[in-house]
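Please open the model in your viewer and keep the selection tool at hand. The tour goes from one selection to the next and says what is found at each stop.

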Amino acid sequence: MAVVTADIAAPSPAAIAKSPGFWSGVLRRICRDPVAMTALAILLILVLIAIFAPYIAPYDPSKGSVIRRLKPIGTPGYIFGTDELGRDMLSRLIYGARLSLIMGVIPVPIAFIIGSTIGIVAGYAGGIVNTLIMRTVDVFYAFPSVLLAVALSGALGSGLTNALVSLTVVFIPQIARVAESVTTQVRKLDYVDAARASGAPPMTIIRVHILGNVLGPIFVFATSLISVSMILASGLSFLGLGVRPPDAEWGLMLNTLRTAIYNNPLVAALPGLMIFITSICFNLFSDGLRTAMDVKS
């Protein structure tokens with residue numbers, strides 16, 4: 001009896017080359033999310049404002065005048081009014097975006113690199129190495145973020161550099177915990193066991209088989225920490241543990257304007273409004289990125 005076989009056409013190299021990759025799919029899905037794209041557009045505008053602040057700000061942010069103290073919003077020549085020293089609020093908000101974004105964004109990538117390295121090593125090694133690393137991480141992880149940031153900044157002293165160091169230390173345990181968790185799950189998969197059985201060195205297994213599968217979830221979690229970093233950084237400056245006067249920074253501006261809240265509440269609320277908008281935009285973009293990276297969505 002003759003056996004009839006059907007010819008199955010193999011996919012051409014061109015078709016394989018045109019197949020979309022994971023990150024191209026993520027980009028395509030996030031571009032279709034209007035909320036995430038709106039948040040990203042606002043963040044890009046804030047970044048451009050911070051970069052070109054000297055060309056955009058109408059006045060010197062540090063130059064004040066006693067006769068111009070606490071002018072209300074809409075005053076001719078001072079669209080956002082003036083602060084307690086007669087300095088133009090619009091100019092200070094524009095310049096304040098620089099330090100606020102620096103303090104809010106920079107600690108997260110640094111903590112991402114350090115925390116991911118610690119967590120991946122602990123998750124892949126397992127055993128006593130995992131126990132030693134993660135129990136040390138848990139010592140810092142046990143403290144609330146606000147309390148730990150204030151304690152570290154108080155011990156190191158006020159200033160931009162010390163505030164950045166404090167915020168970085170706060171986020172390292174959180175990222176390390178997530179990195180260790182996802183690495184432990186990937187380490188138990190069959191293809192990792194096969195690579196280990198074939199004699200591949202640990203660094204090769206981590207670089208080839210582990211990193212590509214764990215960096216995505218860690219990255220998404222890290223982006224969600226930027227909004228927290230913005231609020232913590234502003235809180236440190238508000239408490240006098242961050243940027244020093246007369247530098248313009250939104251948290252510090254809230255501190256200096258707190259006595260004017262009964263005389264001119266709208267002007268006093270402007271720095272807090274900027275912190276709120278920026279934090280919300282980072283949160284919305286992080287949620288959109290998380291949804292876009294969910295292959296099942």
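Begin by selecting F276, which counts as exposed because its relative accessibility is 52% (exposed means over 50% relative accessible area, buried under 20%, and partly exposed in between, with a 1.4 Å probe and protein chains only). This is a predicted model, in which local features need pLDDT of at least 70 and side-chain atom pairs count only at pLDDT 80 or more, while totals for chains, interfaces and linings use all residues. Residues are numbered from 1 along each chain as its sequence is written, and side-chain values use heavy atoms, with hydrogens and water left out.

F276 is found in helix α13, so extend the selection to that helix, where helices are DSSP runs of H or I with at least four residues, numbered from the N terminus.

Now move to S229, which lies in helix α11 (residues 202-238) and counts as buried, at 0% relative accessibility. Beyond its neighbours within four places in sequence, S229 is in contact (heavy atoms within 4.5 Å) with M103, G104, P107, V108, L167 and F171.

Finally, select helix α8 (residues 145-156) and helix α9 (residues 160-187). Among the residues that make the contact between them are L148 and L152 of α8 and V165, L167 and V169 of α9.

Note on methods:
Helices (H or I, at least four residues) and strands (E, at least two) are DSSP runs, numbered from the N terminus. Axes are lines fitted to C-alpha atoms, for helices over the stretch in contact, and angles run from 0 to 180 degrees between N-to-C directions.
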